[in-house]
Amino acid sequence: MYAIRLHAFGPAENLRYEEVEDPVPAAGQVRIAVRAAGVHLVDTVLRAGDYGGGPIPVPELPTVPGREVAGVVDAVGEGADPGWLGKRVVTHLGMAPGGYAELAVRDAAAIHELPDGLGFEAAVAMIGTGRTTMGILDVAALTADDVALVTAAAGGIGNLLVQAALAAGATVVGLAGGPAKVERVRALGATHAVDYTGPGWPRAVREALGDRPVTVALDGVGGAPGRDVLELLGIGGRVILFGWADAAGGPTEITTRDLYERGLTASVAVGPRVLNRPGGLRGLEERALAAAATGALVPLTQTFALKDAAAAHAALESRATTGKVVLTP
């Protein structure tokens, strides 16, 4: 099979398209002929070799990156149900990499059969990014009374949050970087779409909302933009944090004084909170896939060929992508 391998930590161009041995499913495992592999921002950090202190260990080299795959089961290991053969499935590989490849193996207990009508690219967008979105929404508890502000609203998580907030009846402000992404957010149906890379964008948000304050901020960007988002929250508002972009300057800075002065609440929806969720992550995965299957959530995706994984990483790191980045063999 062909796969993307990393022999040395560093820039995106270190990812190489190579021929390697086919994996063999062990006892209780199935092998998946991959039709779509998800690319996550964490993959770019692990590729650089500097994910110190994170929940996912830096891999031993050489490695095949990637932890989200969808495809068709083409082999089963000893003890695995042969009924899986030929089934359309999706899975998150957990802590073990190996997704950027034509074939991948996974424990049969960790795979999901795809609902009818759900394509591979949408499924792979929902198995990781979608399940994270479900966890964020559980914390946010959006209602029709909310004015929700979503950062990186054209991104993999952001576009799903915009859709879910609208479905809850909330007024939605979607922030995106650049005119093209703003148009994508507007096409999603956001009440207001604002370019937060331009000067004076917080004023544009206030003018768009009139006398209505932001009640909930969903912040995955951090840095100076995240701080500006925090300042837009009204009395009693809540901020839900789910990451940051290194280019923005790190996590949003929040102090207890910020919370006290305006009665704000701040919650982190990812990391230990979701990894230690009672019952595990499978319930979130099932809900995410079901939402996509019914059309309640329609993930935006941007596709690259497997051999172009380096270009996909470079585009993701430069914030030039829209939606979930997916590799197809």
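This is a predicted model: local features need pLDDT of at least 70, side-chain atom pairs count only at pLDDT 80 or more; totals for chains, interfaces and linings use all residues.
Six strands make up an open sheet with parallel pairing, and their order is 10-9-8-11-12-13. At the edges stand strand 10 (192–195) and strand 13 (265–268); each has a single partner strand, so one side of each lacks a neighbour in the sheet. On average, neighbouring strands here are turned by 15° against each other, ignoring direction.

Now look at strand 11 (residues 214–219) and strand 12 (residues 233–241), which run parallel and are joined by five bridges. Leu218 stands opposite Ile240 in strand 12.

What lies across strand 11, strand 12 and strand 13? That is helix 2 (residues 120–140), running at about 155° to strand 12. Helix 4 (residues 179–188) also packs on the sheet, where it touches strand 9 (171–176) and strand 10, and its direction makes about 165° with that of strand 10.

On to the charged side chains. The whole structure holds 17 salt bridges. One of them joins Arg5 and Glu18, at 2.9 Å from N to O. Arg5 sits in strand 1 (residues 2–6) and Glu18 in strand 2 (residues 15–19), so this pair ties together parts 13 residues apart in sequence. Buried or exposed, what is Glu18? Its relative accessible area is 17%, under the 20% cut-off, so Glu18 counts as buried. Arg5, at 25%, is partly exposed.

Another salt bridge pairs Glu113 with Lys87, with the closest N and O atoms 3.6 Å apart. Glu113 is in strand 7 (residues 111–113), while Lys87 is in the loop between strand 4 (68–76) and strand 5 (88–92).

Finally, a network of salt bridges links Arg227, Glu231, Asp258 and Arg262.

Note on methods. Residues are numbered from 1 along each chain as its sequence is written. Side-chain values use heavy atoms; hydrogens and water are left out. Two strands pair if DSSP finds at least two bridges between them. Helices (H or I, at least four residues) and strands (E, at least two) are DSSP runs, numbered from the N terminus. Axes are lines fitted to C-alpha atoms, for helices over the stretch in contact, and angles run from 0 to 180 degrees between N-to-C directions. Contact means heavy atoms within 4.5 Å. A salt bridge is a side-chain nitrogen of Lys or Arg within 4 Å of a carboxyl oxygen of Asp or Glu. Buried means under 20% relative accessible area, exposed over 50%, partly exposed in between (1.4 Å probe, protein chains only).
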